[in-house]
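Colleague: I am new to this structure and would like a close look at a single part of it. Please put that part in the setting of the whole chain.

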Amino acid sequence: MASYSANTKREKKVFDTEDDVAKAMAEYTFSLSKKFCKKRGYFTIVLSGGDLVLWLKKLLVPEYAETEWSKWHVFWVDERVVPLDDKDSNYKQTLDSFLSEVPIPTSNIYAIDQNCAALGDAKGAAIVYEECIKRLVNQNIIRTYKSSGFPQFDLQLLGMGPDGHIASLFPGHYQIKEKASLVTYITNSPKLPPKRITFTLPVINCASYNLMAVCGEAQADAVAKVFKDDFNLPSARLTADTQAIWYLDKTAASKLPSECL
C-alpha cells in the first residue's frame, strides 16, 4: 500500500509569484489530461478548495483549447458537509469559479450527496462518497493501485494549511491513521466549518500524480517542517505512485534552507 514511507521522492519547484505557480499548475494539469485521455479515454482529477479553484481558471486560455473536457471526471479530496449552495462548499466555490466555464458533463462531476450535505450528516456523506468511488472503480473509470487495490486517481491538485494539514487530515486527529476506509469524516475540524469528509491518506498517496501548490508567507513555517521530514504534519506524509511534486512561490519557500532552493 502506498504510504508516506514509500520510495516516491518529494520534488519541488519554486516560482517567483503566485501567478507563476497558477500558470505552471495549469500547464501540468493540461499535460496529464492529454496523456491520460489518449491512454485511457478518461482523466480522473481530484481537487481541493481554497485559492486552488481560482488558479484553475488559467486553464481557460486559448493555448489549452484542446483540453478534452468531456473526458474529465472531477472529484474532491475533501468537502465541507454543508448544503451544496452554501458559500463554504468546495463544490459551489469550484462550480462558480471554474466548472461553470468548461463543458465537463455534469454526470462526470462528483459532489457529495446533497441530502447528507443538507442534513449535516458527515458520516452518511462519507459512506455515500466511498460507495460512489467503488462504483466507478467497478466501471473501470477509476483505476486501482497495483498492490493494495485502492482507487488510483490520475492527478490530485492539493493545498496545505499553515498547520500542515492536507485535505481534512489535521495534526493530532485520528483520521490521519485511518487505513481501511477510502473516505472518512470529521465533526470537530479545527478549521471551520467543523463537519467534513476526506479521502484517507492511503487513497491520497495512491494517486499517480500529486501536485501540492502552496503560496504565501503563512505557510512558510509548515513548508520548512515538511522538507525536514516532520511527519507530525500530515502534508509531510504526501507521496504518490509516479510523482509527488510541490509548487511553491518564493514567500512559501522563504524559510527553506538555501541549499534546498
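Modeller: What follows takes one serine and then the protein around it. The model is predicted, so local features need pLDDT of at least 70 and side-chain atom pairs count only at pLDDT 80 or more, while totals for chains, interfaces and linings use all residues. Residues are numbered from 1 along each chain as its sequence is written, and side-chain values use heavy atoms, with hydrogens and water left out.

The residue is S89, in the loop between β4 (78–80) and α3 (90–97); helices (H or I, at least four residues) and strands (E, at least two) are DSSP runs numbered from the N terminus. S89 counts as buried because its relative accessibility is 0%, where buried means under 20% relative accessible area with a 1.4 Å probe, protein chains only. Leaving aside residues up to four places away in sequence, S89 touches E79, V82, P83 and L84, a contact being heavy atoms within 4.5 Å. A polar atom of the S89 side chain also lies 3.2 Å from the backbone nitrogen of Y91.

Now the whole protein. Its secondary structure comes to seven helices and 11 strands. Of its 261 residues, 54% count as buried. Among contacts with a separation of 6 or more, 76% are between residues 24 or more positions apart. Along its principal axes, the C-alpha trace spans about 50 × 45 × 40 Å.

Key: Buried < 20%, exposed > 50% of the residue type's maximum accessible area, 1.4 Å probe, protein only. Polar contact = N/O pair within 3.5 Å; in protein donor to acceptor, adjacent residues only side chain to side chain.
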